[in-house]
Structure formats: C-alpha cells, structure tokens
Amino acid sequence: MQAWERMQQDELARRFVEDGYVIAEQVISAEEVEALRADIERFAAGGYPASNLPADGRILAVHFPDWVSPVVRGMIAHPGLVDVLTRITGAHLPFWDGGVKCMQTMMFLKPPGLQGQAFGL
C-alpha cells in the first residue's frame, strides 16, 4: 500500500484545504519519474514535432505536451494521480461530487535563475 493510500480521504482533503497543498508520496514510481525526465529531455532537445520555435532554439514552455507525448498522456490518466486529484481538487466546495477533468497541460523547461513560471509536476 502506498503512503498516500494510507491517508484517509477526509484527511487528504483537509490538509489540502487548510495548507493549500498536499504531499502524496510515492504516487508515481521511480521508473515513471525517470521516464518523465527522459521525455522532458526529449522535448528540450526538439525530439517532438513543434511550431513557433524561438530564434535561439531554446524551448521554455510546451503547451499541450500530451498531444505528442505518450508519457505525458499516461500521466494524465495515471490511477494514482487521478485518485489524489479526485480527493482534493474541489474539496473546499460544499456540493462537489469528486469529478475532475484535465483542461490543459503545460510543461516548463526553464533553466534555474531564469524569470518566469516555476516548474511543477
């Protein structure tokens, strides 16, 4: 049983509402993390079809990476991530039914020290 699975649904939601974040450890495996890292490197190296590339060739952000990456697409439907998100996304809403929907994916490839969006998974 994963660490996040041991946390009761109400506790997970309570922590998210009170703290604004929740740490759900071991939701994705080390192998899945490595596959995602390799895929991010593939994006940064121009390994996927792209348009509107900057003149210097440095890719800072990818909108909708799931359109071309099976790895990112798999993360959207990952059972562990979906389970956590269905518990917390609307936990502050009184009549929320637990439903979630992925509306947008973005990947930021920003190097350290560069201004802009913070990187997050």
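Which element gives the most to the lining of the second largest pocket?

1. Basis of the note. The model is predicted; local features need pLDDT of at least 70, side-chain atom pairs count only at pLDDT 80 or more, and totals for chains, interfaces and linings use all residues. Residues are numbered from 1 along each chain as its sequence is written, and side-chain values use heavy atoms, with hydrogens and water left out.

2. Elements. The protein chain holds 5 helices and 2 strands, in the order α-α-α-β-α-α-β from the N terminus. Helices (H or I, at least four residues) and strands (E, at least two) are DSSP runs, numbered from the N terminus.

3. The pocket. Strand 1 (residues 61–63) gives the most to the lining of the second largest pocket, with 3 residues. In total 19 residues line this pocket, and Pro 49, Ala 50, Ser 51, Val 62 and His 63 lie nearest its centre. A pocket is an open set of points on a 1 Å grid over the protein atoms alone, where a 1.4 Å probe fits, with protein on both sides within 12 Å along at least five of seven lines; lining residues have an atom within 4 Å of a point. The lining divides into 14 nonpolar, 5 polar and no charged residues.

4. The cores. Of the 121 residues of the chain, 24% count as buried (under 20% relative accessible area, with exposed over 50% and partly exposed in between, for a 1.4 Å probe and protein chains only). The largest nonpolar core has 10 residues, including Phe 43, Tyr 48 and Val 62. Such a core is a set of buried Ala, Val, Leu, Ile, Met, Phe, Trp, Tyr and Cys residues joined through side-chain atoms within 4.5 Å. Helix 3 gives the most to this core, with 3 residues.

5. Aromatic pairs. The whole structure contains 2 aromatic pairs. The ring centres of Phe 43 and Tyr 48 are 4.4 Å apart and the planes stand at 35 degrees, so this pair is tilted. Phe 64 and Trp 67 form a stacked pair, with 4.6 Å centre to centre and 15 degrees between the planes. Rings of Phe, Tyr and Trp (its six-membered ring) pair if their centres lie within 6.5 Å; planes under 30 degrees apart count as stacked, over 60 as edge-to-face and the rest as tilted.

6. Phe 43 and Tyr 48 are buried. Phe 64 is partly exposed, at 28% relative accessible area, and Trp 67 is exposed, at 64%.

Methods. Ala, Val, Leu, Ile, Met, Phe, Trp, Tyr, Cys and Pro count as nonpolar, Asp, Glu, Lys and Arg as charged, and the others, Gly among them, as polar.
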